[in-house]
Amino acid sequence: MAESVTLEYQTLGQQQHPTVVLIHGLFGDKDNLKSLARALEDAYYCVMIDARNHGDSPHCEHMSYGEMAADVIATCDSLGIDDFAVVGHSMGGKIAMQLAMDYPQRVTRAVFADIAPAQYDGTHDDILTALKNLDLSQINSRSDADSELANTVKNKGVRQFLLKNLRKSDDGYSWRLNIDALIANYTTLAGNVSEGHYAGPVLFIKGGDSNYLTEAHRDQINQRFDDVEVKVIEGTGHWLHAEKPRIFNRLVREFLNP
């Protein structure tokens with residue numbers, strides 16, 4: 001059994017409704033899919049989690065997908081939730097895949113946003129290095145941190161997203177992210193999920209301009225999932241839920257209401 005921790009979470013909707021668990025991607029937190037939660041809260045009990053080493057959840061040395069899936073189960077157990085649908089973006093999609101395969105009796109259906117159960121090249125190595133090398137003792141404001149990060153991370157939107165993880169206290173600035181653990185486990189996070197199996201209905205939503213989910217991944221998907229639906233949101237990249245939220249939210253809702 002994978003080692004688990006209970007995660008920090010936020011909820012929207014009424015507890016008597018069917019539950020859907022929402023899982024953010026790398027460097028994110030429980031706010032990332034709040035637009036989706038707001039679109040679902042009239043009919044679903046939405047549980048938005050912070051994955052381990054992210055947001056306000058515990059910091060852990062290890063972060064395999066098996067462990068992170070077990071974290072979701074531990075959190076749902078603490079809330080008295082027996083079964084649930086799950087929606088995950090990017091790394092959160094891989095957690096959701098592992099969750100469905102490891103606990104098929106708990107997961108009613110699953111949505112994987114712009115991610116495959118496959119290994120990816122180290123696309124975030126530069127970001128991790130930049131975060132690690134940022135000398136927080138020399139930072140007096142968020143604009144200071146932004147200026148330093150801009151030397152490596154050129155996209156302002158990406159910097160703003162990363163800087164949501166910067167926390168100010170009386171002692172100065174610190175990261176909510178466990179940067180050291182993310183670096184130590186990055187090969188695992190970029191790697192495959194397990195070669196398990198889930199027979200329930202799953203929906204893959206692809207950003208039309210993104211290369212995270214392609215035809216090359218078909219075999220790896222079909223080896224793990226029987227009942228597969230794929231939708232493409234044209235004119236979006238990897239952050240499809242933020243770029244075209246109304247379309248993304250509608251596709252998820254339609255899938256959750258078969």
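## A pair within helix 11

Glu254 is partly exposed, because its relative accessibility is 45% and the class covers values between buried (under 20% relative accessible area) and exposed (over 50%), with a 1.4 Å probe and protein chains only. Arg250 is also partly exposed, at 43% relative accessibility. Glu254 and Arg250 form a salt bridge, with the closest N and O atoms 3.3 Å apart. A salt bridge here is a side-chain nitrogen of Lys or Arg within 4 Å of a carboxyl oxygen of Asp or Glu. Both residues belong to helix 11 (residues 245-256), four residues apart, or about one turn of the helix. Helices (H or I, at least four residues) and strands (E, at least two) are DSSP runs, numbered from the N terminus.

This is a predicted model: local features need pLDDT of at least 70, side-chain atom pairs count only at pLDDT 80 or more, and totals for chains, interfaces and linings use all residues. Residues are numbered from 1 along each chain as its sequence is written, and side-chain values use heavy atoms, with hydrogens and water left out.

Side chains of opposite charge can pair when their charged atoms come close. The whole structure holds 16 salt bridges. One of them joins Asp50 to Lys30, with 2.6 Å between the closest N and O atoms. The two are 20 residues apart and link distant parts of the chain. Asp50 sits in the loop between strand 3 (45-49) and helix 2 (65-78). Lys30 sits in the loop between strand 2 (19-23) and helix 1 (34-40). Asp50 and Lys30 are both buried. They also belong to a network of salt bridges that links Asp29, Lys30, Asp50, Asp56, Lys164 and Arg176.

Arg106 pairs with Asp77 in another salt bridge, the closest N and O atoms being 2.7 Å apart. This pair too links distant parts of the chain, 29 residues apart. Arg106 lies in the loop between helix 3 (91-102) and strand 5 (107-113), and Asp77 lies in helix 2. Arg106 is buried, at 14% relative accessible area. Asp77 is partly exposed, at 46%.

## A buried loop threonine

Thr236 lies in the loop between strand 9 (225-233) and helix 10 (240-243). Its relative accessible area is 0%, so Thr236 is buried. Which residues does Thr236 contact, leaving aside its neighbours within four places in sequence? They are Gly207, Gly208, Asp209, Ser210, Glu243 and Lys244. Contact means heavy atoms within 4.5 Å.

## Helix packing

Helix 2 and helix 3 pack at about 75°, with their axes 8 Å apart. Helix 2 is therefore roughly perpendicular to helix 3. Axes are lines fitted to C-alpha atoms, for helices over the stretch in contact, and angles run from 0 to 180 degrees between N-to-C directions. Angles under 35 degrees count as roughly parallel, over 145 as roughly antiparallel, 65 to 115 as roughly perpendicular and the rest as oblique. Helix 2 contributes Tyr65, Gly66, Met68, Ala69, Val72 and Ile73 to the contact. Helix 3 contributes Met91, Lys94, Ile95, Gln98, Leu99 and Asp102.

Helix 5 (residues 142-149) and helix 6 (residues 156-163) pack at about 130°, with their axes 10 Å apart. That angle makes helix 5 oblique to helix 6. Arg142, Ala145, Asp146 and Leu149 of helix 5 meet Lys156, Arg159 and Leu163 of helix 6.
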